[in-house]
Amino acid sequence: MGVVYALADTCVLADIICQYDPRNPHKLLSEGKNLRKDMLKIVNTIVEDEEENGYIVASTFAFVELINRFDACFTGLITIERLMSIMNQPPSWLIIENINIDTSQCFCDVPNSIDGENVSSDDSVHVATALQRGDNIFFLTTDHILSKMDLPRITFINT
Amino acid sequence: MADVVLNRKEILTIMEKGQVDARYSNYVDFAFLPVILAIDLIEREKKRGGKTPADLKKLFELVPECVNVISLSISGLYDAMSDQDFADKYINRTGNPFEFATEATAYENEGWWDRVEFLDSLKELPWE
């Protein structure tokens, strides 16, 4: 089996960051409001593996959104300094992707509506980031619209 | 010579015609285009309709060499957030994250633009 990639959208990433302990980076996580049961299995497979056969992937844009809605995302569970420290020195199992010209090219492939429901530009950046990787990737999201997307190499997990 | 971010109309001209308007080239050495701003523009084009994904991708192929397209990395965002004025402006702002990300691009460590002029030029851009 190859390397496992799982992109976390902003809400799922917030749950992961809340539980991340830099003193024990491979500690198993628990279910959260957004980090649901099936997602958790994938995330914990990656987090506990010290051989690094898998990675959580997040867009730099997710961190923009986390800062932009800091109190709503973290409800006092972490400080801005803790978030900054993760940005500066992320855990070994977390890849934070740049927003670059490849992202913009992939953004063109993301539909702006599914079954008549609009896909937000924010969400489209996350989907573009998943496409950008060019590998099979799980996409962890609680968004019901995104889960309906049918895109190559992306498996949406919303439970 | 000023370093500027181009306004949306000018960016679209560049992307559709592949050239910087002569009015700009007379006083600008290099134009800087934050890629997140280009994504915002593509989103507007998607909403207008009438273009396929292939049509939209072609817009990027036409961006001329004299336009420097800038990425946003997590280290650039970290540097932006290390500027207390910037951090105070955007923490919990709950505004348009594309505006936030575009302004953070000014802190990318490519080192050869004037950040003050860059940020000043961004003030010309209206956001919803």
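In the predicted model, the contact between the two chains takes 30 residues from chain B and 31 residues from chain A. The size of an interface is often given as the accessible area lost when the parts come together. Chain B and chain A bury about 2,900 Å² between them, and 70% of this area is on carbon and sulfur atoms. On the side of chain B, the residues that lose the most area to chain A are Lys46(B), Ile74(B) and Tyr78(B). Together these residues account for 21% of what that side buries.

Ser121(A) is a residue of chain A with partners in both chains. Ser121(A) belongs to helix α7 of chain A, which covers residues 121–133. Apart from residues up to four places away in sequence, Ser121(A) touches Phe107(A) in its own chain, together with Glu43(B) and Phe98(B). The relative accessible area of Ser121(A) is 16%, and the residue is therefore classed as buried, the cut-off being under 20%.

Within chain A, strand β1 (residues 4–8) is mostly covered, with 5 of its 5 residues buried. In a regular strand the side chains alternate between the two faces of the sheet. For β1(A), Val4(A), Ala6(A) and Ala8(A) lie on one side and Tyr5(A) and Leu7(A) on the other; both faces are covered, and these residues are all buried. β1(A) pairs in the parallel sense with strand β2 (residues 54–59) of chain A over 4 bridges. A further 3 bridges, also parallel, join β1(A) to strand β6 (residues 137–140) of chain A. Ala6(A) takes part in both pairings: Ile56(A) stands opposite Ala6(A) in β2(A), and Phe138(A) stands opposite Ala6(A) in β6(A).

Helix α1 of chain A, residues 10–19, is likewise mostly covered, as 7 of its 10 residues are buried. The buried residues of α1(A) are Thr10(A), Val12(A), Leu13(A), Ala14(A), Asp15(A), Ile16(A) and Ile17(A). An α-helix has 3.6 residues a turn, so residues three or four places apart point the same way. Two of the buried residues of α1(A), Val12(A) and Asp15(A), are touched by Asn34(A). The latter residue is found in the loop between α1 and α2 (37–48) of chain A. With neighbours up to four places away in sequence left out, the residues that Asn34(A) touches are Cys11(A), Val12(A), Asp15(A), Met39(A) and Thr142(A). Asn34(A) has a relative accessibility of 14% and so counts as buried.

A search of the whole structure finds 1 cavity of 30 Å³ or more, and the volume of the largest cavity is about 30 Å³. Its lining consists of Leu13(A), Ile16(A), Ile17(A), Tyr20(A), Ile86(A), Pro91(A), Trp93(A) and Leu94(A). Helix α1 of chain A gives the most to this lining, with 3 residues. By class, the lining holds 8 nonpolar residues, no polar residues and no charged residues.

An exposed position in chain A is Asp150(A), with a relative accessibility of 74%. Asp150(A) lies in the loop between β6 and β7 (154–157) of chain A. The C-alpha atoms of Asp150(A) and Val110(A) are separated by 10.0 Å, and the two residues are 40 residues apart along the chain.

In chain B, 5 of the 7 residues of strand β2 (residues 28–34) are buried, so the strand is largely enclosed by the rest of the structure. β2(B) runs parallel to strand β3 (residues 67–70) of chain B, to which 4 bridges join it. One bridge partner pair is Leu33(B) with Val69(B) in β3(B).

Helix α5 (residues 74–81) of chain B contains Ala80(B). The relative accessibility of Ala80(B) is 0%, so this residue counts as buried. Beyond its neighbours within four places in sequence, Ala80(B) is in contact with Phe86(B), Ala87(B), Ala104(B) and Tyr107(B). Ala80(B) and Leu122(B), 42 residues apart in sequence, have a C-alpha to C-alpha separation of 15 Å.

Definitions and conventions:
Residues numbered from 1 in each chain as written. Chains lettered and ligands numbered in written order. Predicted model: local features only at pLDDT ≥ 70, side-chain atom pairs only at ≥ 80, totals over all residues. Heavy atoms only, no water. 1 Å grid on protein atoms, 1.4 Å probe; cavity = no way out; pocket = protein on both sides within 12 Å on 5 of 7 lines; lining within 4 Å. Points joined across faces, edges and corners; volume = space filled by probe spheres on them. Nonpolar A, V, L, I, M, F, W, Y, C, P; charged D, E, K, R; others polar. Buried < 20%, exposed > 50% of the residue type's maximum accessible area, 1.4 Å probe, protein only. Contact = heavy atoms within 4.5 Å. Pairing = 2+ DSSP bridges. Buried area = accessible area lost by both parts, 1.4 Å probe.
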